Amino acid sequence: MPETRETAVYTHGHHESVLRSHTWRTAANSAAYLLPSLEPHMRILDIGCGPGTITADLAERVPDGHVTGVDLAPAILERARATAAARGLRNTGFAVADVHALDYPDDTFCVVHAHQVLQHVGDPVRALREMRRVTRPGGLVAVRDADYAAMTWYPASEGLDGWLDLYRRVARANGGEPDAGRRLRAWALRAGFTDVTAGSGTWTFATAEERAWWSGLWADRTLASAYADRALRGGHASEAELRDASRAWREWGARQEGWFSVLHGEILCRKEA
C-alpha cells in the first residue's frame with residue numbers, strides 16, 4: 001500500500017455556506033447517472049462523502065447491501081453519521097480515508113462513487129487507479145465533477161466573470177483542477193479503464209428561491225469560507241475584491257431574469273471481469 005499523502009488543499013473547507021450546498025445534494029440531483037445500475041445487494045464505497053446526504057440515499061437503494069462513506073476530514077464524518085442515524089439506516093459505515101491510498105483490499109466493492117472529489121485532489125489519475133483497485137471485477141467506478149469554465153449564466157455580469165477567474169486561480173494554486181468535468185474520461189483512460197461511458201449533467205438555478213439560495217451561499221462563501229481565506233493569503237485577491245465578488249453574486253440573484261447552469265462531467269467505468 002503506498003504511503004497516504006495529500007498533495008492538494010481542499011479549496012472550500014466546511015464553512016456553513018459550503019455545507020449549505022453539500023447538504024442539499026441527493027442521489028437524485030447528483031448521482032442520477034448511477035442509480036439505474038444499482039442493485040439491492042451491492043456494497044458501495046462513497047468517497048468524499050461530506051455530510052452524508054448522498055451516502056444515505058445510496059444506502060436506501062441497496063437495502064440488502066452496505067455503503068461505506070469516507071472523507072479526509074474527520075469532523076465532517078460526525079455529520080454524516082448523524083445523517084444516517086436520523087434516517088434509521090443500519091447499512092452504513094464511515095471512516096477517514098485518502099483517495100490516493102485507500103485502506104481496503106483489492107476487489108472489495110461493487111461500486112466506488114465520488115462526487116465533486118477529483119477536482120480537489122493532487123493526482124486524479126492515481127485516485128482513479130485506487131478506486132479501480134478496490135472495485136470488484138465487473139463492478140463500477142462512478143465519478144461526477146463540475147467544470148467551472150463551462151458554468152454559464154444570464155444576464156452578463158463582469159462581477160461574476162471576475163469571480164470565476166479568481167476561483168479557478170485559487171483552486172489551481174491549491175493543487176486542484178476546477179475544470180475537472182471535461183477531463184474525467186481522459187483521466188479514466190490513463191488510469192487503465194477500457195470500458196468508460198462518459199456523459200454530462202447539470203444543476204440549473206432559475207426560480208427566485210433557487211437564485212436566492214445559490215447566490216447567497218456563494219456570496220457568503222466568497223467572504224467567510226476557507227476559499228476566501230486562501231484567496232487572501234495566497235495573494236490572489238484583496239478584501240475589497242472579495243467584497244465586490246460577493247456583491248456581484250447578490251446582485252445577480254436579485255435579477256428576475258437570472259439563470260445559472262453548472263455543467264458536470266460524468267463517467268461510469270466498468271472494471272474488466
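**Figure 1. The whole chain, fold and size.** Of the contacts (heavy atoms within 4.5 Å) in the chain with a separation of 6 or more, 79% are accounted for by residues 24 or more positions apart. This is a predicted model, so local features need pLDDT of at least 70 and side-chain atom pairs count only at pLDDT 80 or more, while totals for chains, interfaces and linings use all residues. Residues are numbered from 1 along each chain as its sequence is written, and side-chain values use heavy atoms, with hydrogens and water left out. Along its principal axes, the C-alpha trace spans about 55 × 35 × 35 Å. Buried residues (under 20% relative accessible area, 1.4 Å probe, protein chains only) make up 55% of the 273 in the chain.

Figure 2. Thr53 sits in helix α3, residues 53-61 (helices are DSSP runs of H or I, at least four residues, numbered from the N terminus). With a relative accessible area of 14%, Thr53 is buried. A polar atom of its side chain lies 2.7 Å from the backbone oxygen of Arg25. Leaving aside residues up to four places away in sequence, Thr53 touches His22, Thr23, Arg25, Thr83 and Arg87.

Figure 3. Cys49 counts as buried at 9% relative accessibility, and Cys269 counts as buried at 0%.

Definitions and conventions:
Helices (H or I, at least four residues) and strands (E, at least two) are DSSP runs, numbered from the N terminus. Buried means under 20% relative accessible area, exposed over 50%, partly exposed in between (1.4 Å probe, protein chains only). A polar contact is a pair of N or O atoms within 3.5 Å; within protein, one must be able to donate a hydrogen and the other to accept it, and residues adjacent in sequence count only if both atoms are side-chain atoms.
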